[in-house]
Structures are given as structure tokens and as C-alpha cells.
Amino acid sequence: MEAMDRFVIDLKHLEKGVYNYHFSMTDEDFEMIGGTEFQKGDVEVDVEMRVSSADSFSFDFEIDGVVVVPCDRCLEDMDLEISTDGHLDAKFGDGESDNDDLILISEIDQKIDLSWYIYEFIALAIPIRHVHEDGECDEAMADKFRSHECFESGEDDEDSESADLASDTAAGEKEIDPRWEALKNFKLK
Ligand SMILES: [Zn+2]
């Protein structure tokens, strides 16, 4: 776990003020985080931490780089440019936060591991449909999928899906974006 320690910020006895951190994240880091959305990438992260009182913190993230995800059309790896930002508020406290935007940090540890949150911000920035540029797909693979009619249903379906959601809530509820499901599990770790 040594490699991940650099993402852990010790919040004990910090003076009020602004603190800046920079992380260069590579395949090794993402593999270690072990999320399901992507496992490889090359990403630069700037974090500005504001300490507004001894137990209250906010974090602003600027995230730029490339992650590797499977192309929706041919399933081969593709590089996806990511440029996103994120914000977190945190304070010391025990138990579960009832506010998704506020993280409670154990008063015993008084530490926050930013790697999970950075991963989450990147995962949220991955568009639902992502495909290679024209001509860069593995056409043999893409043809295979086309013949199974599993793919290429993208845009045309969107309207009918939202109509279904409106008319049939029960069915709609089952259609949770798998990425949100993955993140939910991910948060529990
Ligand atoms: Zn492709």
C-alpha cells in the first residue's frame, strides 16, 4: 500500500489556510485503486485544500489526462481524454453523513485518502457512450458485435428509453446506470 500513502492527507492540527497538492497518477495507481470503471490512465491532479477551521475542510480538484477504457463499439482499449473538476467538503465526525456532499472523517484517524475521490470524479466524467475515432476501431471485432446486434443501438434508443421511464416507473427503476451501481459499491469499500 505504500504507493497509495501519498494520497493520504493528515488533517491533524492544521493551521487555517489553503494548501496545494499535486499528484501525477499512472497505471500503477489506478490498478491499486482497483475500481471497475477503468484501471489505466495517465492523469495530472491539482488539489486545493482549504482549512476553514480546525475540523472543517474543503477540497477542489482539477483533473486532466487520459484514461483507458474499452471502446463501446469494438471493446478494444481506447484512450479517453479527461478534463474535469470536483469539489468535496469534509469535517470531523463519526457515523454516516446524511449529506452526499459532506464527508465525515473519523476523529480517531483524522486523515483523508484522496485517491478514492479522484477516481470517482474521473469515473463520473467518462461519457456513457465512448467509441474510437472513425477508422480506429478493430473492425473485425466491431463486425462480430454488430452481427449479434448487441451494439449500435445507441442514439436511436434514447428517446424511447425516456418514454419508457415516464410511463413505467417500475421498469425504469431497474435501469440504473451500471456506473452508478459500481460507484455505490466503490464507496462502501
Ligand atoms: Zn473501437
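Biologist: What does the secondary structure of the protein come to?

Modeller: Six helices and seven strands. Keep in mind that this is a predicted model. Along the sequence the pattern reads β-β-α-β-β-β-β-β-α-α-α-α-α.

Biologist: What makes S2-S3-S4-S5-S6 a sheet, and which kind is it?

Modeller: It is an open sheet of five strands in that order, with mixed pairing. Strand S2 (17–25) and strand S6 (102–105) are its edges. The twist from one strand to the next averages 25°.

Biologist: Why are S2 and S6 called edge strands?

Modeller: Each of them pairs on one side only.

Biologist: How do you know that S5 and S6 are paired?

Modeller: Count the bridges. Pairing takes at least two. S5 (residues 77–92) and S6 are joined by four, so they count as a pair. These two strands run parallel. Ala-90, for one, has Ile-103 in S6 as its bridge partner. In general, strands of a sheet pair through backbone hydrogen bonds, either parallel or antiparallel.

Biologist: Which helix packs on the sheet, and what does it touch?

Modeller: Helix H2, residues 114–125. H2 touches strand S3 (40–53), strand S4 (56–70) and S5. Its direction makes about 130° with that of S5.

Biologist: How do you know that the span of H2 is close to the one expected?

Modeller: H2 has twelve residues.

Biologist: Which residues of H2 are buried?

Modeller: Leu-114, Ser-115, Tyr-117, Ile-118, Tyr-119, Ile-122 and Ala-123. To be called buried, a residue needs 20 or more other C-beta atoms within 10 Å of its own. As background, an α-helix has 3.6 residues a turn, so residues three or four places apart point the same way.

Biologist: Which members of the largest nonpolar core touch the most others?

Modeller: Val-43, Val-45, Ile-63, Ile-118 and Ile-122, out of 28 residues. Helix H1 (27–33), S3, S4, S5 and H2 each supply at least two residues of this core. Across the 189 residues of the protein, 17% count as buried.

Biologist: Why is Ala-54 called partly exposed?

Modeller: It has 14 other C-beta atoms within 10 Å. Buried needs 20 or more, and exposed needs 12 or fewer. The count for Ala-54 falls in between, so it is partly exposed. Ala-54 sits in the loop between S3 and S4. Leu-11 is 43 residues away from Ala-54 in sequence, yet 8.6 Å away in space, C-alpha to C-alpha.

Biologist: What stands out in the phi of Leu-75?

Modeller: Its phi is near 70°, a positive value in a residue other than glycine. Leu-75 lies in the loop between S4 and S5. It has 15 C-beta neighbours inside 10 Å and therefore counts as partly exposed.

Biologist: And what is the phi of Gln-110, and where is this residue found?

Modeller: Phi is about 50°, positive although Gln-110 is not a glycine. Gln-110 is in the loop between S6 and strand S7 (111–113). With 15 other C-beta atoms within 10 Å, Gln-110 is partly exposed.

Methods. Residues are numbered from 1 along each chain as its sequence is written. This is a predicted model: local features need pLDDT of at least 70, side-chain atom pairs count only at pLDDT 80 or more; totals for chains, interfaces and linings use all residues. Axes are lines fitted to C-alpha atoms, for helices over the stretch in contact, and angles run from 0 to 180 degrees between N-to-C directions. Two residues are in contact if their C-beta atoms, placed from the backbone, lie within 7 Å. The expected span of a helix is 1.5 Å times one less than its number of residues. A nonpolar core is a set of buried Ala, Val, Leu, Ile, Met, Phe, Trp, Tyr and Cys residues joined through C-beta atoms within 7 Å.
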